[in-house]
Amino acid sequence: MKFYFPDSQDQVSPTYDFIHDEYSPLRVRQRDDRYAHEVLTLPAYDGLLVSKAIVDGTIQGVGKYSMPQRQRLYRLGVRGFFRLPEDVVTLGDCGAFTYVNEPEPPYSVGEVIDFYNRCGFDAGVSIDHVILGYRRPGSNAGEVPDEWKERRRISLHFAEKFLTAIHEHGTPFEPVGAAQGWDPESYADSVKELQAMGYSRIALGGMVPLKTPDILACLAAIADIRETDTQLHLLGITRIDSMNEFAEFGVTSFDSTSSFRQSFMDDRDNYHTTDTTYSAIRVPQVDANVSLKKAILAGKVSQAAAVTADRESLKLLREFDTGRCSLDEALDAVLRYEELIGVKKSYADLYRRTLDHAPWRHCVCGLCAKHGIEIAIFRGSERNKRRGFHNLSVLADKMKSLHAARPRPLERIASG
Ligand SMILES: [Zn+2]
């Protein structure tokens, strides 16, 4: 099972000064900042997924690349631009969720093939159009909307044109057909059609909002028509607990940002380990936190007092990490700061658990040992992204142990 990380230009600055919370004046972002695979000791991912919409931008402005970055990607190719190690493979797609509200995908087959070729991807997904809805078999929701059928038709139409063009021009990347659907039967039918066109690698799109049993129901329906050499990719799905079942249905790869993003998007599960998750300790930066800035401007919070409490929290957390103060002293400083700035929902008990277990002390990802407790502090992108990178290495590790934990289906049959 291969894990692809979707690129969103997430990098960290190796020279960031955590004590003063500032960047080096000599930092040149594009030269000095580093991707997850460059700062982790453990492997972060098997592959990198890069979307055309993220690179080129869309009408809604989801692009993450500046003009010089985009030009550099085209000039150096995806491998050179990301400074990828040999063993990390690359996959291009269109980023269908970015144009989900448009009546049709905004790209032509020629533009997409040109993107994959110029960037030098190992594989590229055909243009697809996400169907925003799912019908569980047996539900009484009535007729399937025409729009859903149209989007499936558009996706299959583009897949056919894509493969024809690739065969005509002999492009170097591996074509991946995108399958869309709204129930197990329609997904299975899409896969069947893509196989008939000649695809042996198929990406299942639009499943992000689906519950795991629904994904499994679709995979079971696909299993009935799947040819033995057809490999499936799940777009945007992690569900680590079901990975072995997915594998039994022919899924060989997936991509997802969730373990990375949980480090700063999740309410509490911010720092992952192979067997549990921890809350990162929130110490908002006075001059960088929007709601805190507002409260200061409105006169509800004293800026000077907030700055002092902020510094004191960080100082005592660091002292706790090096054994110079107790857990209670450090936690009290954090809670006093919370009280001062009027934090409504405190996670005191969760913070106590995080500090008590201090999971970063035993982590070998390469970042935890270097940064200590900083990685467990919820504050600014340099800490939060490093914690996200750490989570990626934990996901990779979990997947390895999953493979070891259960035999493959054939072996099971043979042995019993
Ligand atoms: Zn770590």
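Start by selecting α10 (258-265), which gives six residues to the lining of the largest pocket, the most of any contributor. The model is predicted. Helix α10 is joined in this lining by β2 (47-51) and α16, each with at least two residues.

Next, show the space itself: the largest pocket holds about 1100 Å³. Its lining comprises 46 residues, and those closest to the centre are Pro6, Gly236, Asp255, Ser256 and Thr257. Colour the lining by class and you will find 17 nonpolar, 18 polar and 11 charged residues.

Move on to the second largest pocket, with about 540 Å³ of space. Select Pro284, Asn289, Ser291, Ile341 and Val343, the closest to its centre among 22 lining residues. Here α11 (290-297), α13 (327-341) and α16 each supply at least two residues; α11 gives the most, with three. By class, the lining of the second largest pocket has 10 nonpolar, six polar and six charged residues.

Now select the zinc ion. Its donors are the SG atoms of Cys363, Cys365 and Cys368 and the ND1 atom of His390, at 2.1 to 2.3 Å. The angles among the four donor atoms run from 102 to 117°, and the site is tetrahedral. Along the sequence, the donor residues follow the spacing C-x1-C-x2-C-x21-H. Cys365 sits in the loop between α14 (348-357) and α15 (368-371), while His390 belongs to helix α16 (residues 380-405), so this pair ties together parts that are 25 residues apart in sequence. Finally, hide the surface to see Cys365 and His390, as both are buried.

How values were computed
Residues are numbered from 1 along each chain as its sequence is written. This is a predicted model: local features need pLDDT of at least 70, side-chain atom pairs count only at pLDDT 80 or more; totals for chains, interfaces and linings use all residues. Side-chain values use heavy atoms; hydrogens and water are left out. Donors are N, O and S atoms within 2.8 Å of the metal (3.2 Å for Na, K and Ca); water is not among the atoms, so sites may look incomplete. Four donors count as tetrahedral if all angles lie between 85 and 135 degrees; four count as square planar and six as octahedral if opposite donors are over 155 degrees apart and all others between 65 and 115; anything else is irregular. Helices (H or I, at least four residues) and strands (E, at least two) are DSSP runs, numbered from the N terminus. Buried means under 20% relative accessible area, exposed over 50%, partly exposed in between (1.4 Å probe, protein chains only). On a 1 Å grid over the protein atoms alone, a cavity is a set of points where a 1.4 Å probe fits but cannot get out, and a pocket is an open set with protein on both sides within 12 Å along at least five of seven lines; lining residues have an atom within 4 Å of a point. Grid points are joined across faces, edges and corners, and a volume is the space filled by probe spheres set on the points. Ala, Val, Leu, Ile, Met, Phe, Trp, Tyr, Cys and Pro count as nonpolar, Asp, Glu, Lys and Arg as charged, and the others, Gly among them, as polar.
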